[in-house]
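Here is a short briefing for a reader new to this structure. Have the sequence and the 3D view open as you read.

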Amino acid sequence: RPAPIDSRASDVYYVCFTPDARCLATAGKDAVVRFYDAATYKPKGELATGQREVNGIAFAPDGQTLATTGDDGTVRLWEFSTHRQIHALSAHEGQAYQAVFTPDGRRLITCGNDSAIRSWDPITGKLVATLEGHQRAVEAIALSPDGRLLASASSDSTARLWDLETRTARFVLKRYTSRLTSIAFS
């Protein structure tokens, strides 16, 4: 029988597992990331990010780095074991919505309340590339399992499939009548 999570947050926006699936992380309106044992759902700690609200969480493939996306427009990188902040990236205008690490952990890709998708070096915190083509906020991104393609969903009512090597859109899907807020690979 499933056990309920002891969530003290007012609103939870994002839930994800660590790469080893031993820990569950939640985040939301109060800008605190809470960690739970994935087997028992008992609290294991928390991290106050200072980002007004946390819209997304991503773990690096090795599980050592955590990225949080916030309503202050920052993407913050944290050392997972100590909760020490590594970088605070001024990533997007207004709000940062989501982040994904590439399978090799060498890039962090982010989206937010602007039309650009940005790729960062998570070690140095430097901007590496920008993908442009959407006309409004990029609400969500998803990385293909092999890390070669990125899908994006935008409030401009389009979805795009990007080739990360060439940094170009392979496909643009335009048949939507309202904003798109999530996207995933099968």
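The notes below cover strands, a pocket and cysteines, topic by topic.

The model is predicted. Four strands form an open sheet, with antiparallel pairing. The largest pocket holds about 270 Å³ of space. A search of the whole structure finds 0 disulfides.

**The open sheet**

- The strand order is β5-β6-β7-β8.
- β5 (54–59) and β8 (84–90) are the edge strands, and each pairs on one side only.
- From one strand to the next, the twist averages 20°.
- β5 pairs with β6 (residues 65–70) in the antiparallel sense, over 5 bridges.
- Within this pairing, Val 54 stands opposite Gly 70 of β6.
- As background, strands of a sheet pair through backbone hydrogen bonds, either parallel or antiparallel.

**Strand β11 and its partners**

- β11 spans residues 116–120, and 5 of its 5 residues are buried.
- In a regular strand, side chains alternate between the two faces of the sheet.
- Both faces of β11 are covered.
- On one side sit Ala 116, Arg 118 and Trp 120, and on the other Ile 117 and Ser 119; all of them are buried.
- β10 (residues 108–112) pairs with β11 in the antiparallel sense, over 3 bridges.
- These two strands, β10 and β11, form a hairpin with 3 residues between them.
- β11 also pairs with β12 in the antiparallel sense, here over 5 bridges.
- The hairpin of β11 and β12 has 6 residues between the strands.
- In that hairpin, Gly 125 takes a positive phi near 80°.

**The largest pocket**

- Rolling a probe the size of a water molecule over the atoms shows where empty space is left.
- The largest pocket is lined by 17 residues.
- Closest to its centre are Thr 102, Arg 107, Ile 109, Ser 119 and Leu 164.
- Ser 119 is also one of the buried residues of β11.
- Two elements give two or more residues to the lining: β11 (116–120) and β12 (127–132).
- β12 supplies the largest share, 4 residues.
- By type, the lining divides into 7 nonpolar, 4 polar and 6 charged residues.

- β13 (residues 138–143) has 6 of its 6 residues buried, so the strand is largely enclosed by the rest of the structure.
- β13 pairs with β14 (residues 149–154) in the antiparallel sense, over 5 bridges.
- Leu 143 has Leu 150 in β14 as its bridge partner.
- The hairpin of β13 and β14 has 5 residues between the strands, and there Gly 147 takes a positive phi near 80°.

- Cys 16 is in no disulfide either, and its nearest cysteine sulfur, that of Cys 23, is 8.7 Å away.
- A disulfide needs two cysteine sulfur atoms within 2.5 Å.
- Are Cys 16 and Cys 111 buried or exposed? Cys 16 counts as buried because its relative accessibility is 14%, under the 20% cut-off.
- Cys 111 also counts as buried, at 0% relative accessibility.

Technical notes
Residues are numbered from 1 along each chain as its sequence is written. This is a predicted model: local features need pLDDT of at least 70, side-chain atom pairs count only at pLDDT 80 or more; totals for chains, interfaces and linings use all residues. Side-chain values use heavy atoms; hydrogens and water are left out. Two strands pair if DSSP finds at least two bridges between them. Axes are lines fitted to C-alpha atoms, for helices over the stretch in contact, and angles run from 0 to 180 degrees between N-to-C directions. Buried means under 20% relative accessible area, exposed over 50%, partly exposed in between (1.4 Å probe, protein chains only). On a 1 Å grid over the protein atoms alone, a cavity is a set of points where a 1.4 Å probe fits but cannot get out, and a pocket is an open set with protein on both sides within 12 Å along at least five of seven lines; lining residues have an atom within 4 Å of a point. Grid points are joined across faces, edges and corners, and a volume is the space filled by probe spheres set on the points. Ala, Val, Leu, Ile, Met, Phe, Trp, Tyr, Cys and Pro count as nonpolar, Asp, Glu, Lys and Arg as charged, and the others, Gly among them, as polar.
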